[in-house]
Amino acid sequence: MPTFVAEVQDGQGNSLKVKEEATSAEQVRTMLQGRYANVGAIKKAGLSFDLTELEEKFASVTVKDKAIMSRQFAVMINAGIAIVRCLGILTDQCTNPKLKKALTGLSSDVQQGVSLSESMRRYPECFDQLYVSMVDAGEVGGVLDQVLDRLAMLLENMQRLKNQVKSAMSYPVAVGGIAVIVFFAMTIFLIPIFAGIFQELGTTLPALTQFMLLLSSWFTNWVFWVILIPSIFAAITLYNWYYSTPAGRLQIDHLMLKMPLLGDLNQKTSVARFCRIFGTLTRSGVPILNCLDIVRDIAGNQVVANSIEAAKKEIQQGGMISVALEREGIFPPLAIQMIAIGEEAGNLDAMLMKVADFYEDEVEQAVSALTSIIEPLMMVGVAAMVGVILLSMYLPMFAVFDELG
């Protein structure tokens, strides 16, 4: 039977480490909860090299991790299991080291009388403002299981929407990367072979061939790379610096909404995210001004965030959200009209969910349309690139054949 080491606290608050033999960490937790005031992390005893701290440092809590945890948490609370017991089970089942540490801390805090939402605020890397606010509303309203279930659905929808957008970019990025590798390989290794043949023949080279030979000489010269690589890093650094400024972020985000092909997709994605999160928050009982603050902070686009801030100011002055959004001119007219109908009818949360469903479907269709457009364009681009290289190598041969003829 394996031996486990548990971090516990006695009734006086003293921290201790105790060893217990059991079949699982959950069994150890059950055994110790009746003997100690608080039971923390439980690990297997042994002499193996411990990489836990290193794993915690570099691990990241994904949307999928939080969605799975929220779903399991909701099921257990709905079944009548105590929160401390739920947290213990979630801790033992969690595979993400950073989230596992946070869950251990939550269990310790809740046992000491701290509310779940207040404890979550101590772990911002695992639980953002959206998550904490919804859990707080669930605790206040006594519907924590329902709120966690809505959180799981929200996180799953956000992850699905994110994956759809990523899928639109994965194909062109992969093909573009392969095309660049092929271009450099042919320019560096293939063209110099033909260059030696052309020199032996002594024929006059066409302008295209001379240009490709010049590129080949650049690519095989280390000085070119010494200049190019720092220039790329400098350009990236300059872009990041400019994007970190308020004016630069606003200008670039505005361009992201207006650029060809991707602009429409970015706009629909922003609308779907806004409506889904806003609707879930209001349905869970979070005050509307707090909802707008949360949605503004996680909008992902400064132009959209400014529109949401304008909507918040409109509400504070007794106005309507739809009026402010229409004035900003960022949200599509259909979304604004449906939000206005929801405000007038008093069922804003339900209408926001319908708008989110509609625009998530629109995003899926836009992704399919974008992929169908990009695929042939990428194929034509790759074929043109390879064709130019081959043409630059064969044009001198045609001149040699003419001379021989």
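Before we look at any pair of helices, we need to know that a helix axis here is a line fitted to C-alpha atoms over the stretch in contact, and that angles between axes run from 0 to 180 degrees between N-to-C directions. The helices themselves are DSSP runs (H or I, at least four residues), numbered from the N terminus. What we have is a predicted model, in which local features need pLDDT of at least 70 and side-chain atom pairs count only at pLDDT 80 or more, while totals for chains, interfaces and linings use all residues. Residues are numbered from 1 along each chain as its sequence is written, and side-chain values use heavy atoms, with hydrogens and water left out.

Let me begin with helix 1, residues 25-33, and helix 4, residues 83-93, whose axes come within 9 Å and cross at roughly 150 degrees. Helix 1 and helix 4 are therefore roughly antiparallel to each other, a label given to angles over 145 degrees, whereas those under 35 count as roughly parallel, 65 to 115 as roughly perpendicular, and the rest as oblique. The crossing of helix 1 with helix 4 is right-handed, and that word applies if the near helix is turned clockwise from the far one by less than a right angle, left-handed being the anticlockwise case. Helix 1 brings A25, E26, R29, T30 and Q33 to the contact, and helix 4 brings V84, R85, G88, I89, T91 and D92, where contact means heavy atoms within 4.5 Å. By class, the residues of this contact are three nonpolar, four polar and four charged; Ala, Val, Leu, Ile, Met, Phe, Trp, Tyr, Cys and Pro count as nonpolar, Asp, Glu, Lys and Arg as charged, and the others, Gly among them, as polar.

Helix 4 also meets helix 5, residues 97-111, with axes that come within 9 Å and cross at roughly 160 degrees, which makes helix 4 roughly antiparallel to helix 5. This crossing is left-handed, and the residues in contact include L87 and L90 of helix 4 and L103 and L106 of helix 5. Here the division is seven nonpolar, four polar and two charged.

Helix 13 passes helix 14 in a left-handed crossing, and their contact has eight nonpolar, one polar and four charged residues.

Which residues touch the most other members of the largest nonpolar core? They are L116, F127, Y131, L148, F274, F278 and L281, in a core of 74 residues, a core being a set of buried Ala, Val, Leu, Ile, Met, Phe, Trp, Tyr and Cys residues joined through side-chain atoms within 4.5 Å. Helix 17, residues 348-404, gives the most to this core, with eleven residues. A second, separate core of twelve residues includes M186, F194, F219 and M393.

Leaving aside neighbours within four places in sequence, L215 is in contact with F183 and T187. M379, found in helix 17, counts as partly exposed at 49% relative accessibility.

Technical notes: Helices (H or I, at least four residues) and strands (E, at least two) are DSSP runs, numbered from the N terminus. Buried means under 20% relative accessible area, exposed over 50%, partly exposed in between (1.4 Å probe, protein chains only).
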